[in-house]
Amino acid sequence: MSKIDRLDEYISVINCELSSCLPECFYNEPIVTQAMQYSLMNGGKRIRPVLTLEFCRMCGGDINNALAFACAIEMIHTYSLIHDDLPCMDNDEMRRGKPACHVEFGESYALLAGDALLTYAFEYALKSDFMQKDPSCAAEALRILSTCSGISGMIGGQVVDLKSEDKHVTIDTLRIMDSLKTGALIKAAALMGTVIGGGNNEQKQAAVQYAENLGQAFQIVDDILDVTADEATLGKPVGSDKESGKSTYVSLLGLGQSQKIADELTNKAIEALDVFEDNGFLIELTKSLASRKN
């Protein structure tokens, strides 16, 4: 199977599962379920669930065991985007080339849709066949996901982000913020796949090292695209970081130095994959993320 075919297969499997996994509407009021579905199926690279499946495979595991957990992390990522776009946060009206959830459904229902996706992510994983097969391993995967999603991870990074608006922050603060807000879910994705796949301690450590470097590189590339991309390609407004008074790698170091750091971090992520035998697909995927245009 070619690397392109594997990515297409992963995305197809993930999208098929996501499209059918949400609960039916309750009390004859489908609007929140519609808002959940609208945002969950509104495109996206599916990088986090792909990482969960691929790390599981590289460790010799069955990707079907990891599928519900891969979907769970995509639900959490989607909830974070819905809330990020809200007027009380980034106040963005476009997401992936379509109206943001709060624009399409109203702020109150968007808030509830995000909350619902967050809670349903854990419900869905807990109902999985793998939870019955190996409850201890599944519980460890969910512990990783909850830790990386919460105040010690993504939420903590969002707090730092909000407190940093209209302030000149240091690179160290930026690095901490990015490692939490962006990197934590990427780490959860890689580490969950490794755990579910039966990876050893060396592989778990490598997954963490890979994800920490990739997460930082991913956010720096996002900072670069906010300056260099056009709105049609990016699918959301450009220049939003400058408008909101946020410090970024680009604003602090310039485009050239930012790109150099992103390339160095990408190379470190790739080096971490040496402990896995069949790592070619993930190496190519990692390189493509560093050179992406949206």
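1. In this note, axes are lines fitted to C-alpha atoms, for helices over the stretch in contact, and the angles between their N-to-C directions run from 0 to 180 degrees. Helices are DSSP runs of H or I with at least four residues, numbered from the N terminus. The model is predicted, with pLDDT of at least 70 needed for local features and 80 or more for side-chain atom pairs to count, while totals for chains, interfaces and linings use all residues. Residues are numbered from 1 along each chain as its sequence is written, and side-chain values use heavy atoms, with hydrogens and water left out.

2. With those terms in place, consider helix α16 (residues 255-272) and α17, whose axes come within 10 Å and cross at roughly 170°. That angle makes α16 roughly antiparallel to α17, a label given to angles over 145 degrees, just as angles under 35 degrees count as roughly parallel, 65 to 115 as roughly perpendicular and the rest as oblique. On the α16 side Gln259, Thr266, Ala269 and Ile270 meet Ile283, Thr286, Lys287 and Ala290 of α17, where contact means heavy atoms within 4.5 Å. Sorted by class, this contact has 4 nonpolar, 3 polar and 1 charged residues; here Ala, Val, Leu, Ile, Met, Phe, Trp, Tyr, Cys and Pro count as nonpolar, Asp, Glu, Lys and Arg as charged, and the others, Gly among them, as polar.

3. Helix α17 also meets helix α3 (residues 47-58), and the two axes come within 11 Å and cross at roughly 160°. That makes α3 roughly antiparallel to α17. The crossing is left-handed, a term used if the near helix is turned anticlockwise from the far one by less than a right angle, with right-handed used if it is turned clockwise. From α3 the contact takes Ile47, Val50, Leu51, Glu54, Phe55 and Met58, and from α17 it takes Phe281, Leu282, Leu285 and Leu289. These residues divide into 9 nonpolar, no polar and 1 charged.

4. What is the angle at which the axes of helix α4 (residues 63-85) and helix α9 (residues 154-164) cross? They cross at roughly 20° and come within 12 Å, which makes α4 roughly parallel to α9. The crossing of these two helices is right-handed. Ile76, Tyr79, Ser80 and Asp84 of α4 make the contact with Met154, Ile155 and Gln158 of α9, and the set divides into 4 nonpolar, 2 polar and 1 charged.

5. The structure also holds 2 cavities of 30 Å³ or more. On a 1 Å grid over the protein atoms alone, a cavity is a set of points where a 1.4 Å probe fits but cannot get out, and lining residues have an atom within 4 Å of a point. Grid points are joined across faces, edges and corners, and a volume is the space filled by probe spheres set on the points.

6. The largest cavity has a volume of about 90 Å³, and its lining includes Tyr38, Asn42, Arg95, Arg96 and Cys101. Helices α2 (31-40) and α4 each supply at least two residues of this lining, and α4 gives the most, with 4 residues. By class, the lining divides into 6 nonpolar, 3 polar and 3 charged.

7. The second largest cavity holds about 40 Å³ of space. Among the residues that line it are Thr266, Thr286 and Leu289. Both α12 (201-228) and α17 (280-290) supply at least two lining residues each, with α12 giving the most, 4 residues. The lining has 6 nonpolar, 2 polar and 1 charged residues.

Definitions and conventions
On a 1 Å grid over the protein atoms alone, a cavity is a set of points where a 1.4 Å probe fits but cannot get out, and a pocket is an open set with protein on both sides within 12 Å along at least five of seven lines; lining residues have an atom within 4 Å of a point.
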